Amino acid sequence: MTDSTARKNGAVRLAELLGERVYAMVLDLGAIFTLFVQVVSSLVRPPSEIRNIVKQMEEVGIRSMPVVLVTATFTGMVLALQSYAGFQRFGATSFVGSVVALSITRELGPVFAGLMVSGRVGASMAAELGTMKVTEQIDALVTLATNPVKYLIVPRVVAATIVLPVLVVFADLLGIVGGYFVSVHLMGANPYVYVAKTYQYLEFKDIYTGLVKASVFGMLIALISCHHGFVAEGGAEGVGRATTRAVVASSMMVLISDYFMTSFMF
Amino acid sequence: MIAIRNLSKAFGKKVVLDGLELTVPKGKNTVVIGGSGTGKSVLIKCAVGLLRPEAGEIRIDGHDITRMDERELVRVRRRFGMLFQGAALFDSMDVGENVAFVLRRLKMYPERQIREVVEEKLSMVGLRDIQRLMPAELSGGMKKRVGLARAIASEPDILLYDEPTTGLDPIMADVINDLIISLRETIGATSITITHDMASAYKIADQIAMLYKGKIIETGTPEEIRTTSNPVVAQFVQGRAHGPITDESEEFVRFVSR
């Protein structure tokens, strides 16, 4: 008897918890969409935020470059290693170059760059804006005749949207170079065949769809992270919570939106 | 003049302001006193349009800011300067950039004049040669003074002070009190100060209003408040642990623990 009520309570509690989570998620999505609309509508209004945009581009772009490049190089290298091992079983090792090039440009370059930027830039945006929120700096902006969405969020969203594709160009390049290095210098593939195969099946479309994806990832990461920073409350603990949420939500959004963009674009 | 009529604000089910009435005369310093968590901050955040009240009106020279859209609010906010409790300096910028923020934003002066204007505002709060320091390098009292310099940079005619002396030593608190008085005299601003520091309230106020349970329960000159016959106000201004304010919560505590 007590056992069954306990189980029922557990089930009810579970359903409640699930409902609360879903409700919170829907609220967040709505808030992020509203934020997107605000960003777009304040984009063109004066004063121009170009200086802040450039500053953010440096923050998102140049400072994320090392981590993105290292990730891309090793991804290309391990990809070559794995495909080589697999393709050897049916004597298709000459296609390793094509597989590396296609996987990197279409999928792994943008997605890994997106994930790394989620962790690095998403966390710093959420923490910075969250701290500004809990120390009333955002309220102070408002009293100084400044729209905080325009001053703080627009530059971050614009910078991330522009810079992420640029990062991905370099990531693609180094990923392919990494794959070449492993295949040619460690696996003993013929360098001419490898390069020829890399070019043979690679289309321009593979590259630019990857860059479009990267751009969308950049926008989503910045929007989500800024949103979580802006709604932070409750001191240092609240900022910590906002940062965690920002990183988790933006990494998940990168992977989810990646699937849907891939299914629409190819 | 600022006239607040029937102002109500709630967060969820928690009613913070409940039909508050307050008239803030022009060129005078009105001090709102009240315990922690009674909604003093909410009151001035409504006044500057940071929070939207559920009901009531806040008229600034006849214009009701609770009904304004964002664009009109931006224009009206140029008349406001606000000193935040923790100073709320932008910690990514140095002192000079903090004070110059609104001047650059609204392009009030040509760039080459800005340093001089900033130096002048800083000297009004008794600070010199600190434009290059970062907020993290300043003491609590200096932060508040820089915050004050930033608040008066655009020459507002309404100043809002959110607990200006909280967290300062008594001497620095009195320096801030003197600054508030001198600013009222030099720039003739209308101001609202919220505080629970009675020494400061008596010193800077032309008018004191007591906020209790979402309403202003008494308004008067410092002398009238000091000698009030209202038991709630008397308990607060004399800082007694026993009286009508705490009796009620003690009953509540007894009720809960029963």
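**Helix packing and a chain contact in a predicted model**

Helices H4 and H8 of chain A are roughly parallel to each other (angles under 35 degrees count as roughly parallel, over 145 as roughly antiparallel, 65 to 115 as roughly perpendicular and the rest as oblique), because their axes cross at roughly 15° and come within 8 Å. An axis here is a line fitted to C-alpha atoms, for helices over the stretch in contact, and angles run from 0 to 180 degrees between N-to-C directions. H4(A) covers residues 96-134 and H8(A) residues 204-230; helices (H or I, at least four residues) and strands (E, at least two) are DSSP runs, numbered from the N terminus.

A quick word on the model: it is predicted, so local features need pLDDT of at least 70 and side-chain atom pairs count only at pLDDT 80 or more, while totals for chains, interfaces and linings use all residues. Residues are numbered from 1 along each chain as its sequence is written, and chains are lettered from A and ligands numbered from 1 in the order in which they are written.

Back to that helix pair: the crossing of H4(A) and H8(A) is right-handed (left-handed if the near helix is turned anticlockwise from the far one by less than a right angle, right-handed if clockwise). Their contact has 15 nonpolar, eleven polar and five charged residues. For these classes, Ala, Val, Leu, Ile, Met, Phe, Trp, Tyr, Cys and Pro count as nonpolar, Asp, Glu, Lys and Arg as charged, and the others, Gly among them, as polar.

Another pair in chain A, H6 (residues 148-186) and H7 (residues 191-200), packs at about 150° with axes 10 Å apart, so H6(A) and H7(A) are roughly antiparallel. This crossing of H6(A) and H7(A) is right-handed. On the H6(A) side, A:Ile176, A:Tyr180, A:Ser183 and A:Val184 meet A:Pro191, A:Tyr194 and A:Thr198 of H7(A). That contact has five nonpolar, two polar and no charged residues.

Where the chains meet, chain B brings 15 residues and chain A eleven; two residues are in contact if their C-beta atoms, placed from the backbone, lie within 7 Å. H2 (70-77), S6 (80-83) and H3 (95-105) of chain B each supply at least two residues of the side of chain B that touches chain A, and H3(B) gives the most, with three. H3(B) has buried residues as well, including B:Val95, B:Phe101 and B:Leu103, and their cover includes H4 (111-124) and H5 (140-152) of chain B.

B:Ile225 sits in H8 (residues 222-226) of chain B and counts as buried, with 25 C-beta neighbours inside 10 Å. B:Asn6, in strand S1 (residues 2-11) of chain B, has a positive phi near 50°. Most residues other than glycine have a negative phi. B:Glu155 likewise has a positive phi near 50°; this residue lies in the loop between H5 and strand S7 (158-162) of chain B.

Note on methods: Buried ≥ 20, exposed ≤ 12 C-beta atoms within 10 Å, placed from the backbone.
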